[in-house]
Amino acid sequence: ISVQSIREAVSDDEAIAVALTADVYSKSHKIAYSGAMCLLYKATVLAGAPDIDLYLEQGPDLPATEGSAGTAADGWHQIGSKIADITDENWHSVTLSPLVLPYLRIKADGQGANPESCTLKLKLGQLDVID
């Protein structure tokens with residue numbers, strides 16, 4: 001069992017800035033040997049309340065450009081519907097149900113009421129299965 005921080009794709013920061021209505025992508029992670037996964041998430045703001053929707057995306061290879069929207073041509077797809085709606089500053093967790101693809105990343109979609117100062121921390125818990 002391991003827990004890793006999921007970092008921002010471009011800056012490699014642990015605190016991912018999700019200001020206002022921005023769409024921000026995490027760095028992609030290889031999950032080829034994971035049998036079970038859990039995403040832990042927490043938003044922080046200076047004032048007000050966070051308002052972020054989280055989505056799981058997966059692909060067959062690393063994206064053409066880390067931090068940019070993947071395309072069907074690259075094989076990157078959103079998996080299912082929204083996995084979380086963040087509206088407070090507490091730690092939460094959600095079990096992930098990925099497809100059988102070797103890479104994942106998280107898309108953070110800031111909503112209209114999301115403060116400019118909002119940052120997001122993500123951690124991925126993985127149970128690796130190795131025969």
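## A buried serine in a loop

Ser26 lies in the loop that links strand 3 (23-25) and strand 4 (29-30); strands here are DSSP runs of E with at least two residues, numbered from the N terminus. The model is predicted, so local features need pLDDT of at least 70 and side-chain atom pairs count only at pLDDT 80 or more, while totals for chains, interfaces and linings use all residues. Residues are numbered from 1 along each chain as its sequence is written, and side-chain values use heavy atoms, leaving out hydrogens and water.

With a relative accessible area of 1%, Ser26 is buried (buried means under 20%, exposed over 50%, partly exposed in between, with a 1.4 Å probe and protein chains only). Apart from neighbours within four places in sequence, Ser26 contacts Ile6, Arg7, Ala9, Glu66, Arg105, Ile106 and Leu122; contact means heavy atoms within 4.5 Å.

## The nonpolar core

The largest nonpolar core contains 25 residues. Such a core is a set of buried Ala, Val, Leu, Ile, Met, Phe, Trp, Tyr and Cys residues joined through side-chain atoms within 4.5 Å. Leu120 and Leu122 are among the residues with the most contacts inside this core. Strand 5 (34-44) and strand 10 (119-128) are among the strands that each supply at least two of its residues, and strand 5 gives the most, with 4.

## Cysteines

The structure holds 0 disulfides, a disulfide being a pair of cysteine sulfur atoms within 2.5 Å. The sulfur of Cys38 is 20 Å from the closest cysteine sulfur, that of Cys118, which is too far for a bond. Cys38 is partly exposed at 24% relative accessible area, whereas Cys118 is buried at 1%.
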